[in-house]
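Please open the structure in your viewer and keep the selection panel at hand. The tour below goes from one selection to the next and says what is found at each stop.

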Amino acid sequence: MTKPKLLLVDDEEEFVDTLAERLHLRGFQVLTATDGEGALRLIEKELPQVVVLDVMMPGQGGLEVLQQIKTRTPRIPVILLTGHGATADGIEGMRLGAYDYLVKPINIDELIKKMLEAVST
Amino acid sequence: MTLKNWKERFDEGFFLHADDNSPARYRILRRNIIILMILITIIPLTIMAVINQYEYERSIKDEIVNPLRTLTSKTKHSFELFMEERLAIVRSIASLYSIEDLSDQKTLSRIFRVLLNEYCCLIDLGLIDTKGIQLSYTGPYDLLGKNYSQQDWFQEVVVKGVYISDVFMGYRQFPHIAIAILRRAEEGRSWILRATIDTSKFDDLIASMGISPDSDAFLINREMILQTPSRFYGKVLDHCPLSFPTGNYGAIVVEEVDPQGREMLVAYAPFAKSDYALVLVKPRSKILQSWYTLRSKMFLFFVISVVMIILVVFKLTDTVVKRVQEADERREFAFREMEHTQKLSSIGRLAAGVAHEINNPMAIINEKAGLMKDLVSYKSQFLEKEKFLELTDVILQSVERCRTITHRLLGFARRMEVKFEVLDVNELLKEVLDFLEKEYLYRNIDIRLQLAEDLPRISSDTGQLQQVFMNVLSNALSAVEAEGYVSITTWDEDLDTIGVSIQDNGCGMSEETLRHIFEPFFTTKKGYGTGLGLAITYGIVKKLGGDLKVQSYEGHGTTFTVYLKKKTNN
């Protein structure tokens, strides 16, 4: 199975870079963005197969970005990362069209599993 | 001790202090209310009763005493009239006839016979000269020539010109009175006309008063000698044992105790022109009977009123004070409860903030450690690869632990929506036990199930109840030693509630611990507990509308009791 091209969006640069490197090690083509605008630009330009989006971001929040992604490119699946315990934001995100959500700190194997699932559907 | 000290002591004993919550406060409150209420009810009642009594007594006495006085006065007038009449006859005869006529025995007898026809009660008539010699006489006795010069009455009539004697026993042992008139003729010769009157008429006059058998009426003279027979106080000429005020004030009524010891009302009417007085005696108790009856009724009424007031005041005050006490206790309880909730919620908010802030650095640590591990395992021929992987694994495990903690913290702070469904608590308990099976089987802990078979199904949230029982049961399991027991009981508490108790015979808790067990971050499991389990449990049970009670004896074990509503409120 070909490793999909993915976009990581999180305001914590350290987090994004490290996770990107780890995914890259596993053979993924990883794009990164640290805010909503950058993310949207990259999506338009690069057309990733899946987006991993942090909900809690300064400026444009994750859910807002999600809505824009869903209006512009509704076919790209989005996996949310939430800082909150579980339900509220995650469920709200699912309602807005997210494929699934994961709770930070994440398990990388779980993330990969979810991404592959999202891409294959 | 000075006055000021006394005042302070009084104030302390009598008045309430707002900050004082001891039982004494309610005792003082109760006492003050009772004293105040009794005073403001009984004082006016007593004043009213006393005034009433006084007014009634006065008017009733007037009503009874006045007729007595009137009757006595009227009869006295009859007596005076009678006497006046007899005196007038004697005076007329003395004026109409000369001494010569009267000295003639025949003329005197004729006059006497005429008088006897017209006026009753005359016994005899006689003429006496100034030397005291009886000149003529007509009557039943032979008194002719008798010398009266040495007798008192003769002296008096010579001086005053008129004389009415006291009653005396005549020769026939009948009470009489004598009337004598001195006549001064123009030529200087004086003479005295004397008549004797039978006092049987007195008895008639007294009889005409129509007095009752327990009363008495009689005439007395100034020396207290009875002039007419008395029913209770002796015969004619006996000394009357009653005493009267001296002087002449018209008819008066006095109260007196007679020699028989009876309380009597005595009406006393002295005659104006003679030394007599008419006396009417009535037993006081008889006269004032109606008043005594009324008075005793009034007294009874008063006593009953007072007793009822006191009873009602006591009962009422008890109720009021009890209500106040209950209200105070409820208020205090509500305050404590609110304080507790406040504490939990503020700690919860703080925890949520901390958890959230920690999550991001944790995520970074997680990824960095993960990358380190990846680098080592994917690429390098690192010399101490094994050791390195071990270290990164420990970091990742620690991150995992932090994650658990922050998640639970956030879970505690979050106000989750509750999903209600109808569920069987017995089933739920068994499921939870399945999760814990490994632990209790391994440690050989005896699980004693006493589940009510007919326990009604309740409407509640399965996931949250699972968490509740999971928390309480894990606590129980960790409290008991190997070979100990945990017993789980369910029952139908009342119409709205079921109860679940989880009892262990483990180490128990001290009172200090017991006070804090529902507070977040309070833990006795040093090193590995988050201190959130019971705080979350408590929060969930409260949110589901239930209650959580705990009883514990250090060294003997702990009992958690969960009360759950059968139906949701909304």
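Two strands are said to pair if DSSP finds at least two bridges between them, and the helices (H or I, at least four residues) and strands (E, at least two) are themselves DSSP runs, numbered from the N terminus. This is a predicted model, in which local features need pLDDT of at least 70 and side-chain atom pairs count only at pLDDT 80 or more, while totals for chains, interfaces and linings use all residues. Residues are numbered from 1 along each chain as its sequence is written, and chains are lettered from A and ligands numbered from 1 in the order in which they are written.

**The sheet in chain B**

Begin by selecting residues 485–492 and 497–504 of chain B, which are strands β14 and β15, and you will see them pair in the antiparallel sense over seven bridges. A hairpin of four residues leads from β14(B) to β15(B), and B:Ser487 has B:Gln503 of β15(B) as its bridge partner.

Now show the whole open sheet, whose five strands follow the order β12-β14-β15-β17-β16 in chain B, with mixed pairing. Because β12 (446–450) and β16 (547–553) of chain B each have a single partner strand, they stand at the edges, and one side of each is left without a neighbour in the sheet. From one strand to the next the twist averages 10°, with axes taken as lines fitted to C-alpha atoms, for helices over the stretch in contact, and angles running from 0 to 180 degrees between N-to-C directions.

**The helix across it**

Select residues 425–442 of chain B, helix α10, which lies across β12, β14, β15 and β17 of chain B and runs at about 175° to β14(B); two residues are in contact if their C-beta atoms, placed from the backbone, lie within 7 Å.

**Two single residues**

Move to B:Arg189, in the loop between β5 (175–184) and β6 (190–198) of chain B. Is B:Arg189 buried or exposed? B:Arg189 is exposed, because 12 other C-beta atoms lie within 10 Å, and the terms mean buried at 20 or more such atoms, exposed at 12 or fewer, and partly exposed in between, with C-beta atoms placed from the backbone.

Finish at A:Glu117 in helix α5 (residues 108–120) of chain A, which is partly exposed, with 14 other C-beta atoms within 10 Å.
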